[in-house]
Amino acid sequence: MMGSYIEIKKKKFMQTIHYYLLSGLFALLAISCNNSNAKNKENDNTKKSVNMKFEKVALPYATDALEPVISKQTVELHYGKHHQAYVDNLNKLVVGTKFENADLETVVKESDGAIFNNAGQILNHNIYFTSFKKDGGGEPKGKLADAINEQFGSFEKFKEEFNAAGVSVFGSGWVWLAKDQDGKLSILKESNAGNPVTSGLVPILGFDVWEHSYYLDYQNRRADHLKEIWKIIDWDVVSARY
Ligand SMILES: [Fe+2]
């Protein structure tokens, strides 16, 4: 009798052990599934951040091509870090908004707040960085040259007026040459991320007067930077915008 009682106890003990072992196994399986789901979600997010809609324009020259007017270090930071940050910010900000599938110019024209600031800066810098070339400079060409001479008297007078406007932008911003639908030119001062497209105008040339564009090379001397920058303009590209 005693022997069979011990056998029953033993059996019950083993059943309990099995029960706990199986429960543990299921718990481990559940945790593993959750981790795998989380990993998949993480991968989806990574894919989203890789498949970004807005991109910065490709730099059409080497990062040291604009020296000594703009140093390699400034181009690397300005194009590589500042411009990239605007692109990364906008790609995150538009998710779930009506701008998710809009083109950049539409976003600039129709948005406000953080979306406008980042979209405006992408458009501005795309125009800015494609306005230069190694050993650029000289004078505008074709119809743009004629329009500048007609409206400002001469290229030299236009440059003076443009630089004076750039120097007088208070704080961070841009100075622009823009045209209206009749081809009439104007010089515009814009603060922060402003671009002439928001006034229905076509941007022809824009100088960045945010300190990040010149401080490493010219420190506080914005006027000196604006005098030098004419030496690297790619007038073939800029004149074709007119
Ligand atoms: Fe900039």
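Axes here are lines fitted to C-alpha atoms, for helices over the stretch in contact, and angles run from 0 to 180 degrees between N-to-C directions. This is a predicted model, in which local features need pLDDT of at least 70 and side-chain atom pairs count only at pLDDT 80 or more, while totals for chains, interfaces and linings use all residues. Numbering starts from 1 along each chain as its sequence is written. Helices (H or I, at least four residues) and strands (E, at least two) are DSSP runs, numbered from the N terminus.

The axes of α5 (residues 142-152) and α6 (residues 155-167) come within 8 Å and cross at roughly 75°. That makes α5 roughly perpendicular to α6, a label used for angles of 65 to 115 degrees (under 35 is roughly parallel, over 145 roughly antiparallel, the rest oblique). On the α5 side, Ile-148, Asn-149 and Phe-152 meet Phe-155, Lys-157, Phe-158 and Glu-161 of α6; contact means C-beta atoms, placed from the backbone, within 7 Å.

Next comes the sheet. Its 3 strands form an open sheet in the order β2-β1-β3, with antiparallel pairing (two strands pair if DSSP finds at least two bridges between them). β2 and β3 stand at the edges with a single partner strand each, so one side of each is left without a neighbour in the sheet. From one strand to the next, the twist averages 25°. β1 (residues 173-179) pairs with β2 (residues 185-191) over 7 bridges, and Trp-174 has Glu-190 in β2 as its bridge partner. The hairpin of β1 and β2 has 5 residues between the strands, and Gly-183 there takes a positive phi near 90°. On the β3 side (residues 202-208), 6 bridges join that strand to β1; Val-175 stands opposite Phe-207, and Leu-177 is partnered by Leu-205.

α4 lies across β1 and β3, running at about 85° to β3.

Then there is the core. A nonpolar core is a set of buried Ala, Val, Leu, Ile, Met, Phe, Trp, Tyr and Cys residues joined through C-beta atoms within 7 Å. The largest has 42 residues, of which Leu-90, Ala-119, Ile-122 and Ile-232 touch the most other members. α4 gives the most to this core, with 7 residues.

Notes. Contact = placed C-beta atoms within 7 Å. Buried ≥ 20, exposed ≤ 12 C-beta atoms within 10 Å, placed from the backbone.
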